[in-house]
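Me: Please take a close look at one helix and its packing. I want the residues, the angles and the contacts, in short sentences.

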Amino acid sequence: MPAASESQIAAGAEAFAMNCAQCHYDGSATETMPALKGSATLSGNPEKAIRIILYGQRGVSEVGGRTLGGIMPAQAYLSDAKIAAIVTYIRAEFADDDTSVTEADVKALR
């Protein structure tokens, strides 16, 4: 995967602020949500992060030694471009992975 452009990361930061930050704040863990910072879900293959944004996640999960039962609502109403930008941004910001996620990556999983 190619490196993310500054414009894609900036677009992702804006989309994150508008669609994600009300729950995920600055990427730190909360009582009901795992931390995005250092998340294994964000490292490596972006498929899992894309699927979580598209389809949401329910039920109990073990993350970082914590048992969580929060609900991540599906965000499938977002365009492929916005989801690609968000995933690119959160990987760069919270997982130290600056590879670009494309609209085609998202479309393939939609």
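Reply: This is a predicted model. Start at the end of the helix in focus, α3: just after α3, glycine 56 takes a positive phi of about 75°.

Now the helix itself. α3 spans residues 47-55. Its buried residues are Ala49, Ile50, Ile52, Ile53 and Leu54. What do the buried residues of α3 pack against? They pack against α4, residues 80-94, and α5, residues 103-109.

Take the α4 side in detail. The axes of α3 and α4 come within 10 Å. They cross at roughly 130°. The crossing of α3 past α4 is right-handed.

Which residues make the contact between α3 and α4? From α3 come Ala49, Ile50, Ile53 and Leu54. From α4 come Ile83, Ile86 and Val87. By class, the residues of this contact are seven nonpolar, no polar and no charged.

The largest nonpolar core has 21 residues. Within this core, Ile50 and Ile83 touch the most other members. α1 (6-19), α3, α4 and α5 each supply at least two residues of the core. α4 gives the most, with seven residues.

Look at isoleucine 83 by itself. Leave out residues up to four places away in sequence. Isoleucine 83 then touches Ile50, Ile53 and Leu54, and also Gln75, Leu78, Val106 and Arg110. Ile50, Ile53 and Leu54 are among the buried residues of α3.

α4 has another partner, α1. The axes of α1 and α4 are 7 Å apart. Their packing angle is about 100°. That value falls within 65 to 115 degrees, so α1 is roughly perpendicular to α4. On the α1 side, the contact uses Gln8, Ile9, Ala11, Gly12, Ala13, Ala15 and Phe16. On the α4 side, the contact uses Ala84, Ala85, Ile86, Thr88, Tyr89, Ile90, Ala92 and Phe94. This contact of α1 with α4 has 12 nonpolar, three polar and no charged residues. Ile86 takes part here, and Ile86 also meets α3.

Next, the loops around these helices. Tyrosine 25 sits in the loop between α2 (21-24) and α3. Its phi is near 45°, a positive value in a residue other than glycine. Is valine 60 buried or exposed? Its relative accessibility is 65%, and the cut-off for exposed is over 50%, so valine 60 counts as exposed. Valine 60 still has contacts: with residues up to four places away in sequence not counted, valine 60 touches Thr67, Leu68 and Gly69. Valine 60 and isoleucine 71 are 11 residues apart in sequence. Their C-alpha to C-alpha distance is 9.0 Å.

The loop between α4 and α5 holds aspartate 96. Aspartate 96 has a positive phi of about 55°, although it is not a glycine. Aspartate 96 is exposed because its relative accessible area is 74%.

To return to the helix in focus: α3 packs its buried residues against α4 and α5, and its contact with α4 has seven nonpolar residues.

Key: Residues are numbered from 1 along each chain as its sequence is written. This is a predicted model: local features need pLDDT of at least 70, side-chain atom pairs count only at pLDDT 80 or more; totals for chains, interfaces and linings use all residues. Side-chain values use heavy atoms; hydrogens and water are left out. Buried means under 20% relative accessible area, exposed over 50%, partly exposed in between (1.4 Å probe, protein chains only). Helices (H or I, at least four residues) and strands (E, at least two) are DSSP runs, numbered from the N terminus. Contact means heavy atoms within 4.5 Å. Axes are lines fitted to C-alpha atoms, for helices over the stretch in contact, and angles run from 0 to 180 degrees between N-to-C directions. A crossing is left-handed if the near helix is turned anticlockwise from the far one by less than a right angle, and right-handed if clockwise. Ala, Val, Leu, Ile, Met, Phe, Trp, Tyr, Cys and Pro count as nonpolar, Asp, Glu, Lys and Arg as charged, and the others, Gly among them, as polar. A nonpolar core is a set of buried Ala, Val, Leu, Ile, Met, Phe, Trp, Tyr and Cys residues joined through side-chain atoms within 4.5 Å. Angles under 35 degrees count as roughly parallel, over 145 as roughly antiparallel, 65 to 115 as roughly perpendicular and the rest as oblique.
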